[in-house]
Amino acid sequence: MTRRLALVLLALCLWPLAARAGDPLAAIVPGRTTKAELTALLGAPWRVVQFDDCGDEMPGQADETWEYRGKDSAGPYRLHVEFDDDGTVRLVAKVPDGGSKSATAKVAPAPSMKGMTM
Amino acid sequence: MQGLGIFLALALAAALPAQAQSQARAPAYPPDGPAIPAVANSEDASGAFGQEFKAPPPPKPWDRESIWNMKVEGFDDNQGRPIYQPLVVHQGSREILYLGNLGGNLLNPLTGKTEANGTSIIDVTDVAHPKFLHHIPGPSGPVAAAGAQMVRVCGGDVLPRGEKGKWYLLRAAGNVGPDEAQQVWDVTDPTAPSLLTTIVSGLSNTHKNWWECDTGIAYLVAGSASDGWHQSGSKQHLKIYDLSDPKNPVYIRDFGLVGQEPSADVATAQPCAKAPGPNCYEGNMNPPSGIHGPISTGVTANRVYMPYGVGANGVIQIVDRKKLLEGCKHPGASPDCAKSPTQADLLYPQVSFIAMNRENGGHSAVPVLGVPMPEQQSHYADGTPQKKNLLVVASEETANNCMGQQPHEAWILDITDEAAPWPIASLNVPPMPGDFCEKGARFGAHAVTEAIYPPYYGRIVGVSWFNGGARIWDIRDPKNPLPIAYYIQAPNANTIASCATIDGVSKCRNAAQNDYVEFDDRGYIYAADRSGTGVTILSLTGDAAKAVGK
């Protein structure tokens, strides 16, 4: 109960500063922000994805991904958030809808990314 | 004797009236029946060299659709769910598209609820106006255990003990987790499916099943932590059931490669090629990699083709279907042959296997039987027109941005001499032009078209190539396959970004990924997207249409 209250307070504190100001990226800290904190901050995601299709045949592609839809002066975008196995944000990026323009991601200082993440 | 069944099947097909063969909707070909379409030679002795070869045009920029010798006929966004496998069924008077989806969840606008990704059902009778009918949710619980990637459908009129007029759907419920299952649903009314039975649950892994509709035999890709079987990579082997009465599944046996059996001593096992003996393993990996998705040619051709390894340490195995199904009743079978077979029990139905190199795995192994060799219509062998039995094999690319792996491609194997399968050609898409390795997501082979549509059979084959799109080859000269069509979908507002860290910089980019390309019984082609971009319905045009006699 105390933790939930703390999360709500955290969300109330962060929301005006970051998300409501149009920069939810600033409120999400890879390596620290958890699923519960993200839910408290932004609500339920628009879409959840898990790409793994062959179990441990494809390590590194099993990351659970949450997406939030948003819109700013540049147009519609998705907040793309990937979690590690313990439910902490590993990567977050603000990706413009459609098109193929790349977006720089904030990532946790993971020990081995090896360029194979999804 | 080994190829006798196959040639009987081909003879049977050749004996069918031409009109019957052209009735693509007749449910006679695998998985609906045992007939194999006859393939007529349509090239002169120069084969592909006699064709006016046109190189594939370079694709357009990444944010635009690229299409060659194909036409977009229709599209459905699949509610934004990422697709693994499409299957089109001529169901009564309608054409129904079933989509197995990857794990995740999303709002279903039809119900107003967020549903775990499962099986989508879309009426594609009018391809220009697909109608999303229903979504059967996947299993609830952790997203990692979710999805329902595979789907097969049989009619009650064809199943030996099915209820006339009914339609049944077989699916894997969940992918990797502690309690995955295989289920049968009643989809007679595709707008209101109902769960009929759970065949087996408590599984740790599932994948791509095969279901013979005319016999009811189902080859389920599955495994459980407690079954004692040994597999590297995907922890799955075969569990074979009789689903001729889909309400009452009857277990037949488990099956896999030598070295996967529960009694194998993995710690001391040696390669069978070097140290044949009671404790050895087939292929290059100890224990051998898990199976991906078998294909049976049914009772007449009497073969099951089994690819192991997905994207690494692959083995392609050819199995005698009758011996596989009846082997545990054989006088020489061990007492616990079904659940815990001995090495001898596993070898009994094996016709042969070919080990791939370590950088490739067996994702697809699709037989194409009786294909004329245009340059061998005279002079060779006894001077009579020569045909070959082929196996189209693909190894799955499993990494983003081409990183950390060798390229994954597809090959045509000559399996006419079943004891010694041999590759005779490769199906390849180069990363340039198109700069596919920089495009984001995966670039490489994935899956081979499986549906038998007689005008296409033995003439063209499709392979999904992730961000390289849906690719079609002319295989009328099997030793010299020609690329003749492609479709590369543009990213849209639903496309899931793919992220990669290269040289310390992490970037995300929207990139559509063709996960599967498949035919229907009207000749339409379905390009299903893994990144949530939807399913596109296509037809062939230009030289691709000419290759199939249009």
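1. The model is a predicted one, in which local features need pLDDT of at least 70 and side-chain atom pairs count only at pLDDT 80 or more, while totals for chains, interfaces and linings use all residues. Residues are numbered from 1 along each chain as its sequence is written, and chains are lettered from A and ligands numbered from 1 in the order in which they are written.

2. Strand 15 of chain B, residues 237-242, also pairs with strand 14 (residues 217-223) of chain B, again in the antiparallel sense and over six bridges, with Ala218(B) opposite Tyr241(B). Because five of its six residues are buried, strand 15 of chain B is largely enclosed by the rest of the structure; a residue is called buried if 20 or more other C-beta atoms lie within 10 Å of its own, exposed if 12 or fewer, and partly exposed in between, with C-beta atoms placed from the backbone.

3. Leaving aside neighbours within four places in sequence, Pro160(B) is in contact with Thr215(B), Gly216(B) and Ser244(B), contact meaning that the C-beta atoms, placed from the backbone, lie within 7 Å. Pro160(B) and Thr215(B) are 55 residues apart in sequence, yet their C-alpha atoms are 6.2 Å apart in space.

4. The largest nonpolar core has 172 residues, and those with the most contacts inside it are Tyr98(B), Val153(B), Leu391(B), Val392(B) and Tyr526(B); such a core is a set of buried Ala, Val, Leu, Ile, Met, Phe, Trp, Tyr and Cys residues joined through C-beta atoms within 7 Å. Beyond its neighbours within four places in sequence, Tyr526(B) has contacts that include Pro86(B), Leu97(B), Val517(B) and Ile537(B).

5. Chain A has two helices and six strands, and from the N terminus on its elements run α-α-β-β-β-β-β-β, helices being DSSP runs of H or I of at least four residues. Buried residues make up 42% of the 118 residues in chain A.

6. Between the chains, 37 residues of chain A are in contact with 45 residues of chain B. Strand 1 of chain A gives the most to the side of chain A that touches chain B, with four residues. By class, that side of chain A has 16 nonpolar, 12 polar and nine charged residues, where Ala, Val, Leu, Ile, Met, Phe, Trp, Tyr, Cys and Pro count as nonpolar, Asp, Glu, Lys and Arg as charged, and the others, Gly among them, as polar.

7. Strand pairing also crosses between the chains, since four bridges join strand 1 of chain A to strand 5 (residues 103-108) of chain B, which run antiparallel, and the bridge partner of Gln50(A) is Gly103(B). An open sheet of three strands has the order 5(A)-31(B)-30(B), with antiparallel pairing, and its edge strands are strand 5 of chain A and strand 30 (497-502) of chain B.

How values were computed: Contact = placed C-beta atoms within 7 Å. Pairing = 2+ DSSP bridges.
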